[in-house]
Amino acid sequence: MAIQIRKTGLQIETTLIEGGKAAAVPLKLFTAFAVVKNPWAGHGFVDDLKPEIHAGAPVLGELLTKMIIDAVGSGDAVEGYGKSAVVGLDGEIEHGSALIHTLRFGNFYRQAVGAKSYLAFCNTRGPANAPIMIPLMDKNDEGRRSHYLTIQTSIPDAPAADEIVVALGASIGGRPHHRIGDRYQDLKDLGQDVANPAGV
């Protein structure tokens with residue numbers, strides 16, 4: 001069954017001043033979302049989610065990726081990236097996870113921006129106007145803390161109980177005035193390595 005999309009939206013946020021100090025380069029955050037009918041809502045417990053994943057995830061991945069790239073201007077310009085799903089109250093967390101935690105969704109975005117890092121993510125459940133949280137990280141460097149960002153937004157009428165909000169986020173730039181270093185310096189100071197950061 002084809003995925004039913006009720007509405008889409010695009011949000012652009014530009015931070016010019018942070019901490020009372022002008023940003024040398026403004027931070028730009030982009031959010032693209034789709035509100036879709038939950039294909040599993042009302043069907044009780046569904047064991048096999050795969051048919052709807054295969055039908056819906058590629059459509060959403062292609063659509064939302066195009067929205068982000070069109071807004072940003074190019075895949076190369078995207079620095080931080082992430083994804084999120086919010087399931088309405090008649091659905092399971094697994095339903096939102098099914099649509100975003102598949103290469104059939106995420107690979108559209110990875111390929112468009114030339115990313116090496118995994119897509120940071122959030123999957124939650126809530127009513128209409130629930131927070132949509134999209135954690136971001138540098139698309140090529142998971143230890144670059146300047147690009148540890150979180151987009152927070154909401155949609156007044158979504159998700160309805162039988163809907164899912166699926167979203168992608170992007171940044172041009174990192175936090176203005178970032179000054180906490182990166183995780184590699186911590187690892188060096190602690191005598192640990194990337195493969196075993198806690199030294200266990």
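Ala2 sits in the segment before β1. Helices (H or I, at least four residues) and strands (E, at least two) are DSSP runs, numbered from the N terminus. Ala2 is exposed, with a relative accessible area of 60%. Buried here means under 20% relative accessible area, exposed means over 50%, and partly exposed is in between, with a 1.4 Å probe and protein chains only. Ala2 and Ala55 are 53 residues apart along the chain, and their C-alpha atoms are separated by 5.9 Å.

Some housekeeping. The model is predicted, so local features need pLDDT of at least 70 and side-chain atom pairs count only at pLDDT 80 or more, while totals for chains, interfaces and linings use all residues. Residues are numbered from 1 along each chain as its sequence is written, and side-chain values use heavy atoms, with hydrogens and water left out.

Now the strands. β1, residues 5–18, runs antiparallel to β2, and 12 bridges join them. Two strands pair if DSSP finds at least two bridges between them. β1 and β2 form a hairpin with 2 residues between them, and Gly19 in the turn has a positive phi of about 65°. Ile17 stands opposite Ala22 in β2. β2 is also joined to β7, by 10 bridges, and that pair runs antiparallel. In that pairing, Leu29 is opposite Ser171 in β7.

Phe33 is in strand β2. Is Phe33 buried or exposed? Phe33 is buried, with a relative accessible area of 15%. Leaving out residues up to four places away in sequence, Phe33 touches Lys7, Thr8, Gly9, Leu10, Leu64, Met67, Ile155, Val165, Val166 and Ala167. Contact means heavy atoms within 4.5 Å. Take Met67: Phe33 and Met67 are 34 residues apart in sequence and 8.8 Å apart in space, C-alpha to C-alpha.

Next, the nonpolar cores. A nonpolar core is a set of buried Ala, Val, Leu, Ile, Met, Phe, Trp, Tyr and Cys residues joined through side-chain atoms within 4.5 Å. The largest has 31 residues, and those with the most contacts inside it are Leu64, Ile68, Val78, Phe105, Tyr109 and Val166. Two or more residues come from each of β2 (21–37), α1 (50–72), β3 (80–87), α2 (93–100), α3 (103–113) and β7 (163–172). α1 gives the most, with 8 residues. Ile68, again not counting residues up to four places away in sequence, touches Phe30, Thr31, Ala32, Val78, Tyr109, Leu168, Gly169 and Ala170. There is a second, separate core of 15 residues, including Ala130, Leu149, Ile151 and Ile155.

On to α2. 6 of its 8 residues are buried, so α2 is largely enclosed by the rest of the structure. The buried ones are His95, Gly96, Ser97, Ala98, Leu99 and Ile100. They pack against β2, α1, β3, α3, β4 (120–125) and β7.

Last, Lys83, which is found in strand β3. A polar atom of the Lys83 side chain does lie 2.8 Å from the backbone oxygen of Ile100. Residues that Lys83 touches include Ile100, His101, Phe105, Arg110 and Leu119.

Terms used. Polar contact = N/O pair within 3.5 Å; in protein donor to acceptor, adjacent residues only side chain to side chain.
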